[in-house]
Amino acid sequence: MDMKPELLGDALTRLRRAQGQLAGVIAAIEEGGDCAQVLTQLAAVSRALDRAGFKIVATGMRHCQTARDSGDEPPMTEQELERLFLALA
């Protein structure tokens, strides 16, 4: 299934936010930052990545359903999308 940026704008926003947060985590570690703050930011990065992944899966599922409704064969089944996402988690 092709990734279309216009369909995944929210996921891209979340990934960019996670990228910035991760840069902050790396900088904090390199500067000897507070452990609690580093872990808090790391947890935020993890949540942002999870949310982006769920958004991508949900978009893929909608794409599959739209293809099916149009009489076309979807590029992947919902089960394949779910299995792929969970295997990488």
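The accessible surface of the protein chain comes to about 6,300 Å², and 57% of it belongs to carbon and sulfur atoms (areas by the Shrake-Rupley method with a 1.4 Å probe; for residues, only the protein chains shown count as cover). This is a predicted model, in which local features need pLDDT of at least 70 and side-chain atom pairs count only at pLDDT 80 or more, while totals for chains, interfaces and linings use all residues. Residues are numbered from 1 along each chain as its sequence is written, and side-chain values use heavy atoms, with hydrogens and water left out.

**Whole chain.** Show the protein chain as a cartoon. There are three helices and zero strands (DSSP runs, H or I of at least four residues for helices and E of at least two for strands, numbered from the N terminus). Along the sequence the pattern is α-α-α. Of the 89 residues, 22% are buried (under 20% relative accessible area; exposed is over 50%, partly exposed in between, with a 1.4 Å probe and protein chains only).

**Helices H1 and H2.** Select residues 9-30, which are helix H1, and then residues 35-69, which are helix H2. Their axes come within 9 Å and cross at roughly 160° (lines fitted to C-alpha atoms, for helices over the stretch in contact, with angles from 0 to 180 degrees between N-to-C directions). H1 is therefore roughly antiparallel to H2 (angles over 145 degrees). Residues making the contact include Leu15, Ala18 and Leu22 of H1 and Val45, Ala48 and Leu49 of H2 (contact: heavy atoms within 4.5 Å).

**Alanine 52.** Stay on helix H2 and select alanine 52. Is alanine 52 buried or exposed? Alanine 52 is buried, with a relative accessible area of 1%. Leaving aside neighbours within four places in sequence, alanine 52 is in contact with Ala11, Arg14 and Leu15.

**Arginine 14 and aspartate 10.** Go back to H1 and show the side chains of arginine 14 and aspartate 10, which lie four residues apart, about one turn of the helix. They form a salt bridge, with the closest N and O atoms 3.1 Å apart (a side-chain nitrogen of Lys or Arg within 4 Å of a carboxyl oxygen of Asp or Glu). Side chains of opposite charge can pair when their charged atoms come close. By this rule the count is one salt bridge. Arginine 14 is partly exposed at 23% relative accessible area, and aspartate 10 is partly exposed at 34%.

How values were computed: Parallel < 35°, antiparallel > 145°, perpendicular 65-115°, else oblique.
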